[in-house]
Amino acid sequence: MRTFTTRAHGMHLRASDFGGHVLSWIARGREQLFCVPTERMAPGVAIRGGIPVIFPQFATRGSGQRHGFARLLGWEPGMLDAPGTRSFALVDSAATRRAWPHGFRLGLEARLAPDRLTVSLEVRNTGSDPFSCTLALHTYLQVEDAAKARLEGLQDHAYMDATRDDAQGSDPGPVTFEREIDRLYPGATQPLRLAEESQLREIRMTGFRDVVAWNPGPSKASAIPELEPGDHRRFVCVEAACAATPLLLSPGERWRGSQEIVLLEPPGNPVA
Ligand SMILES: O=P(O)(O)OC[C@H]1O[C@@H](O)[C@H](O)[C@@H](O)[C@@H]1O
């Protein structure tokens, strides 16, 4: 695994060619993404934290590998990235075709702009047959205390609850992360806000159709070997996804989506 860094607008970004994975984004003097330290990463094992790229299968929605293979492969780093940008590409190989018999090119670009990180994912069908896939940017946002974080913008939006066999539900209040949560919100394309006492972030998506809100809670977290006790309270996952309905791409067709995380001023903390 090789890591690549870039700085712009007083911010710092670090990414890895393993998984085409954004590992760290430091802005306003604090780490915005949760990620386990390098010593808790094992070769060939998905990195726990940062922004894993999920492709060509979201979770267990298909007969392939859980969350796909893109997060487990070495990507090609971009050679001509401008300052503040890091990009990676992954194309099909004999190994990917054994798992999923299609020609594809994935492109990932992470770009810093004042007070924001924009991560774009592009999928191209380079084969001669149509294919369908599900995918996501599985963003781990670092929080001071997941039990106190509030995700706003999904009020009354129907969701499928993966902790209850995808039972349908909806909630009149903000999404909270006090216990295990694993919800897929189909068609949730509106901007969301992640509110904490000391920080307010807006999460905007283009191209992606669904949002997933996930935190393993204490019991499931204890079964994740890379996490230390209490780590589950240090992140909430707000994932930009196309998961409820697969994307269908014809030969030569391209899909592009982005997730943008914008740092806003929390209420009561106006810019001087
Ligand atoms: O442990 P993994 O494979 O990284 O998956 C983490 C979680 O990822 C989320 O996207 C899924 O909705 C959860 O069901 C899953 O547990």
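Strand β10 (residues 131-137) contributes three residues to the lining of the second largest pocket, the most of any element, where strands (E, at least two residues) and helices (H or I, at least four) are DSSP runs numbered from the N terminus. The model is predicted, so that local features need pLDDT of at least 70 and side-chain atom pairs count only at pLDDT 80 or more, while totals for chains, interfaces and linings use all residues. Residues are numbered from 1 along each chain as its sequence is written, and side-chain values use heavy atoms, with hydrogens and water left out.

The space in the second largest pocket comes to about 230 Å³. On a 1 Å grid over the protein atoms alone, a pocket is an open set of points with protein on both sides within 12 Å along at least five of seven lines, a cavity is a set where a 1.4 Å probe fits but cannot get out, and lining residues have an atom within 4 Å of a point; points are joined across faces, edges and corners, and a volume is the space filled by probe spheres set on them. This second largest pocket is lined by 15 residues, of which Pro56, Gln57, Ser63, Gly64 and Trp100 are the closest to its centre. By class its lining has six nonpolar, eight polar and one charged residues, with Ala, Val, Leu, Ile, Met, Phe, Trp, Tyr, Cys and Pro counted as nonpolar, Asp, Glu, Lys and Arg as charged, and the others, Gly among them, as polar.

The largest pocket holds about 520 Å³ of space. Among the 25 residues that line the largest pocket, Ala59, Arg66, His67, Asp182 and Trp214 lie closest to its centre. Two or more lining residues come from each of β16 (181-185) and β19 (210-215), and β16 gives the most, with three. The lining of the largest pocket divides into 10 nonpolar, four polar and 11 charged residues.

The structure also holds one cavity of 30 Å³ or more. The largest cavity, with a volume of about 30 Å³, is lined by Ala46, Ile47, Arg48, Pro52, Arg71, His138, Tyr140 and Glu226.

Turning to the strands, four of them form an open antiparallel sheet in the order β1-β2-β3-β4, where two strands pair if DSSP finds at least two bridges between them. Because β1 (3-8) and β4 (30-31) stand at the edges with a single partner strand each, one side of each is left without a neighbour in the sheet. Strand β1 runs antiparallel to β2 (residues 11-16) and is joined to β2 by six bridges; the bridge partner of arginine 7 is histidine 12 in β2.
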